[in-house]
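Subject: Model handover

Hi,

Please find the structure below. My notes come after it.

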Amino acid sequence: MKCIIVDDEQSARAIVKELCRTIPEIEVVAEFPNALEALKFLKYNQIDLIFLDIHMPKLTGVDFIETVTNPPKIVLTTSDTEFAIEAYGYEFILDYLVKPISAERFHKCAIKLHNVFCKSASDFERESSLAEDDDLYINIDRRLIKLKFHDIQLIEAKGDYIEIQTKNERYRVHSTLKKIKEKLPESRFLQVHRSYIINFAQIVDIQDNSVLIERNVIPISRSNRPELMQRLNLL
Amino acid sequence: MTERPNLNYIKEISGGNEDFEKKFLTIIQTEFPKEKNDYIENLAANNLEESAKIVHKIKHKLGILGLTGGYKLAIKYEEDLKYGNTRLEKEFQDILKSVEEFILKIA
């Protein structure tokens, strides 16, 4: 991941740079003694991450956060925990490091960064491979039956079994929702209730706390409703 | 017992990288005297808000040089200065002096 360091203290920048050197995935492409210079750089350069000091003259780190459009991910570096917590509310702020930053704390931050940046990459790979296969084999009476993802309407948990509903068939398989969920592409399926996973493409309509999949009325649990609503292409 | 500045933190960060240690100490040797002078000038001019900002920067260096007590005192002093209170000036001055002596010694 490409990063820049913004801090008015040269010694602070040197420490972050040295700590970054110990993490092969992080490449420091530039460093700036103030936020204004960093803003100019960001106009013409694409980066993944900023190590940003909060206390800076002219434009503070918080001002910078509020000024920059489409900000990359940010790790705050500060001597004031209070300010850091205040700014931590922004979704693109991944962590804050209290100065002087210990090597141990920095490595914990690096693990967090790895999870954020590399997880998205592996998710993408997984989705791509699923898109290529586009099907799932289920074991019924020692027979492996191929199901196309687009044919699956919904999956219902029934004790030690799950029932997979397709347009023409209903298959009963000895498995769990958790297991099958891992095999399904996240972009196409969603668990809407502790007993139901639905195929997004098969939704007919949504009313209050239920979703209609062909003729099946499926309950939506309160905890799953926000994700369902978020993923809808609402007019 | 009075605490003394040390290089433990710098050695922890460097992981034995002597080039970094040398470069870093050069930075400290340049940055610290400038910050100290700025602090003294602003304090003399009774510009306490600006003095607090400089104490904030110096505070980080006290932490870097292992002055845990000095770091804590700087936190209080920075806050005091924001409210126009200079009661910790003498104690802070002593800490600055010990850092200055240390920097000269390692030069």
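Predicted model: local features only at pLDDT ≥ 70, side-chain atom pairs only at ≥ 80, totals over all residues.

Residues are numbered from 1 along each chain as its sequence is written, while chains are lettered from A and ligands numbered from 1 in the order in which they are written.

Helix 2 of chain B

Helices (H or I, at least four residues) and strands (E, at least two) are DSSP runs, numbered from the N terminus. Helix 2 of chain B spans residues 18-44, 27 residues in total. From first C-alpha to last it reaches 39 Å, close to the 39 Å expected at 1.5 Å a residue (the expected span is 1.5 Å times one less than the number of residues). Its buried residues are B:F24, B:I28, B:F32, B:E35 and B:Y39. Buried means that 20 or more other C-beta atoms, placed from the backbone, lie within 10 Å of the residue's own; exposed means 12 or fewer, and partly exposed is in between. The cover over these residues includes helix 1 (8-14), helix 3 (48-64) and helix 5 (89-106) of chain B, and also helix 1 (10-21) of chain A. After helix 2 of chain B comes B:N46, with a positive phi near 55°.

The contact between chains A and B

Chain B gives 18 residues and chain A gives 14. Contact means C-beta atoms, placed from the backbone, within 7 Å. On the chain B side, helix 1, helix 2 and helix 3 each supply at least two residues. Helix 3 of chain B has the largest share, seven residues.

Strands of chain A

Strand 11 (residues 189-193) of chain A is mostly covered, with five of its five residues buried. Strand 11 runs antiparallel to strand 12 (residues 196-199) of chain A, and four bridges join them. Two strands pair if DSSP finds at least two bridges between them. A:Q191 has A:I197 as its bridge partner. Strands 11 and 12 of chain A form a hairpin with two residues between them.

A three-stranded open sheet in chain A has the order 13-14-15, with antiparallel pairing. Strand 13 (203-207) and strand 15 (216-219) of chain A are the edges, each pairing on one side only. Strand 14 (residues 210-213) and strand 15 of chain A pair over four bridges. There A:S210 stands opposite A:P219.

Best wishes

Conventions: Contact = placed C-beta atoms within 7 Å.
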